Amino acid sequence: MRRIIEKSFLTGLCSMLASLALSFCIVPLLGGQVVGAGLFMTIFCPLAISIPASAFHFAQSEKIRRAEAATKEVLQQLAEAYEALRLQSRTDGLTGVLTRSAFMEELEGMSDRGVSGVLLFLDLDHFKMINDRHGHATGDEALRLTGRILSRYQRQSVSPDAWAVKNSVCSKAV
């Protein structure tokens with residue numbers, strides 16, 4: 001606020017000086033003198049008008065600057081949240097690998113670009129027995145470990161952009 005007041009008074013001073021300069025240049029050319037009420041108006045009017053007007057202008061400018069900064073920050077947070085949700089919607093929360101629909105989208109995109117590769121389907125033998133004998137928490141851990149193992153062996157000879165499909169596990173806990 002102090003900065004706004006300082007800038008407003010500086011603007012008022014500049015306005016008054018400009019008014020005095022104009023008055024002392026133009027009035028004598030018209031055959032008059034800048035004295036008395038004319039001198040008072042030359043000094044007072046610019047101060048009375050420019051200080052409040054510039055204070056309002058500078059205050060509004062500061063509000064806009066703050067609003068723009070806050071908006072920029074919120075937009076950045078929104079972009080980060082959107083990206084997190086996009087990734088969350090495309091990966092299985094348990095295994096960390098692509099969901100079936102995301103896998104199919106990536107596979108189609110790679111095919112359109114002429115990228116070749118290998119598709120691996122896994123059938124985890126006796127998975128139902130793991131769930132039945134050791135519980136679903138152990139079965140979930142087996143799926144997590146399988147996802148980690150597959151992630152280690154993803155193709156690395158092609159750039160990440162060209163090889164968007166890293167791995168996919170389609171499992172059905174029976």
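Predicted model: local features only at pLDDT ≥ 70, side-chain atom pairs only at ≥ 80, totals over all residues.

1. K128 and D132 both belong to helix α4, which spans residues 127–134. Because the two are four residues apart in that helix, about one helical turn separates them. Their side chains meet in a salt bridge, with 2.7 Å from N to O. K128 is partly exposed, at a relative accessible area of 42%, whereas D132 is exposed, at 53%.

2. How many salt bridges does the structure hold? The count is nine. One of them joins E105 to R90, and the closest N and O atoms of this pair are 3.0 Å apart. E105 is part of helix α3 (residues 100–112) and R90 is part of helix α2, so the contact ties together parts that are 15 residues apart in sequence. E105 counts as partly exposed, with a relative accessibility of 48%.

3. R90 also forms a salt bridge with E106, where the closest N and O atoms are 2.3 Å apart. This pair, too, links distant parts of the chain, since E106 lies in helix α3 and R90 in helix α2, 16 residues apart. Is R90 buried or exposed? R90 has a relative accessible area of 13%, and the limit for a buried residue is under 20%; R90 is therefore buried. E106 is likewise classed as buried, at 19% relative accessibility.

4. A further group of charged residues deserves mention. R2, R3 and E6 are linked in a network of salt bridges.

5. Which rings form an aromatic pair? A search of the whole structure finds one such pair. It consists of F40 and F44, whose ring centres are 5.3 Å apart and whose planes meet at 5°, so the pair is stacked. The reasoning rests on a cut-off: planes under 30 degrees apart count as stacked. F40 and F44 are four residues apart in helix α2 (residues 36–90), and therefore about one helical turn lies between them. F44 is partly exposed, with a relative accessible area of 42%.

6. Another ring takes part in a contact with a charge. The charged end of K7 sits over the ring of F58, at 4.5 Å from the centre of that ring.

7. S50 is a residue of helix α2. A polar atom of the S50 side chain lies 2.5 Å from the backbone oxygen of P46. S50 is buried, because its relative accessible area is 12% and the class requires a value under 20%.

8. Which residues make the nonpolar surface patch of about 370 Å²? The patch is made by M1, I5 and F9. F9 lies in helix α1, which covers residues 2–29. With a relative accessible area of 52%, F9 is exposed; the cut-off for this class is over 50%.

9. In review, two points may be read together.

Methods:
Residues numbered from 1 in each chain as written. Heavy atoms only, no water. Phe/Tyr/Trp six-rings, centres within 6.5 Å; stacked < 30°, edge-to-face > 60°. Buried < 20%, exposed > 50% of the residue type's maximum accessible area, 1.4 Å probe, protein only. Lys NZ or Arg CZ within 6 Å of the ring centre and 35° of its normal. Patch = residues over 30% accessible without salt bridge, like charges linked within 9 Å, V, L, I, M, F, W, Y side chains within 5 Å. Areas by Shrake-Rupley, 256 points an atom, 1.4 Å probe, with all protein chains shown as cover. Salt bridge = Lys/Arg side-chain N within 4 Å of Asp/Glu carboxyl O. Polar contact = N/O pair within 3.5 Å; in protein donor to acceptor, adjacent residues only side chain to side chain.
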